[in-house]
Amino acid sequence: MGENQTSITEFVLLGFSFGLRVQMLLFGLFSLFYITLLGNGAILGLIYLHPRLHTPMYFFLSHLAIVDMSYACNTVPQMLVNLLSPTTPISFGCITQTFLFLTFAHTECLLRVVMSYDCYVAVCHPLRYSAIMSWRLCVTPAVTSWILGVFLALLHLVLLLPLPFCGPQRVNHFFCEIIAILKLACADTHINEIMVLAGAVSVLVGPFSSIGISYIRILCAILRIQSGEGLRKAFSSCFSHLCVVGLFYGTAIIMYVGPRYGNPKEQKKYLPLFHSLFNPMLNPLIYSLRNKEVKAALNRVFEKKRTS
């Protein structure tokens, strides 16, 4: 058996092909993921401690915060290690990282559909909101999103584990992304690639279309608002939500559904940064910290500290 056919159990992530100075700059930038953990952790704490935030919207936001923190913890620490020591190998924990990333990605895709429906009911049917968004209707889709996320990731894992991996063991990515891993297999990966495409269509294109329909109806309802100030605030909130949703789904669709998804260009490997780093930083700002209830809860926390 030739050298290139030797079975391997460790992978080396190629990461970012930049000079030392740029890599040190990236290390400082990516270290901001601790702010992501702090921001999402603060949101979780506020939602847990303040009864006024025990509503369906903040229930879903707490799940989104957990997903965001998990995203960052799954990929960013290894990215920081690679920036400092690019040749450090990662063992079959690489497969675990792939599984976890797919789990969190699928779960977030489905959670955002539920969140868009919650927003639709709140704007278009405000008088029936409490009756429609019962706690049973909240818990069931949230739990289902997690279960489906794990199940879909397990399907990819079951197809991935039997594959023999041969040299070279260099993964052309900054984390163990599934397409980059499949390129190292010395066996036919056609079924795996079909499953990746089918899974991407089911959790990206379908949910994104559903979210689009929800926001079209929300925009129609907003246009009927008589107050100029209310119209401006509603448009501002809706536009910021659409930007985050578009960034999340758009980058993922380009990666996995766009042309030549099985052979991404060099530039495409940087797109998952939006999922691992930038989106988790934006979500607390867009969905939570701009809300009056969260601001009021934060003010109460600061006031208690001053008086204590």
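1. The lining of the second largest cavity comprises 6 nonpolar, 3 polar and 1 charged residues. The model under discussion is predicted, and the space in this second largest cavity amounts to about 60 Å³.

2. The residues lining the second largest cavity are Asn-40, Ile-43, Leu-61, Leu-64, Ala-65, Asp-68, Asn-283, Pro-284, Tyr-287 and Ser-288. Asp is the residue type in this list that counts as charged. At least two residues of the lining come from each of the helices α2 (33-49), α3 (56-84) and α10 (273-288).

3. The count of cavities of 30 Å³ or more is 2. The largest cavity has a volume of about 240 Å³. Its lining consists of 20 residues, of which Leu-102, Ala-105, His-106, Leu-204 and Tyr-256 are the closest to the centre of the cavity. Two or more lining residues are given by each of α4 (93-124), α8 (190-222) and α9 (228-256).

4. By class, the lining of the largest cavity holds 15 nonpolar and 5 polar residues, with no charged residue. In the second largest cavity, by contrast, 1 charged residue is present in the lining.

5. Helix α1 (residues 20-30) has Gln-23, Leu-26 and Phe-30 as buried residues. Viewed down the axis of α1, these buried residues lie within an arc of 55°, and they therefore line one face of the helix. Arg-21 and Leu-25 are exposed and sit on the face of α1 turned away from the buried side.

6. Which helices are included in what covers the buried residues of α1? Among the covering elements are α2, α3 and α10. The helices α2, α3 and α10 also each supply at least two residues to the lining of the second largest cavity.

7. Apart from neighbours within four places in sequence, the contacts of Phe-30 are Phe-16, Val-76, Met-79, Leu-80, Leu-83, Leu-273 and Leu-277.

8. Which residues touch the most other members of the largest nonpolar core? Phe-16 and Phe-30 do, in a core of 82 residues. The largest share of this core is the 13 residues that come from α4. Helix α4 is also among the elements giving two or more residues to the lining of the largest cavity. In soluble globular proteins, nonpolar side chains tend to be buried together.

Notes
Residues are numbered from 1 along each chain as its sequence is written. This is a predicted model: local features need pLDDT of at least 70, side-chain atom pairs count only at pLDDT 80 or more; totals for chains, interfaces and linings use all residues. Side-chain values use heavy atoms; hydrogens and water are left out. On a 1 Å grid over the protein atoms alone, a cavity is a set of points where a 1.4 Å probe fits but cannot get out, and a pocket is an open set with protein on both sides within 12 Å along at least five of seven lines; lining residues have an atom within 4 Å of a point. Grid points are joined across faces, edges and corners, and a volume is the space filled by probe spheres set on the points. Helices (H or I, at least four residues) and strands (E, at least two) are DSSP runs, numbered from the N terminus. Buried means under 20% relative accessible area, exposed over 50%, partly exposed in between (1.4 Å probe, protein chains only). The arc is that of the directions from the helix axis to the C-beta atoms. Contact means heavy atoms within 4.5 Å. A nonpolar core is a set of buried Ala, Val, Leu, Ile, Met, Phe, Trp, Tyr and Cys residues joined through side-chain atoms within 4.5 Å.
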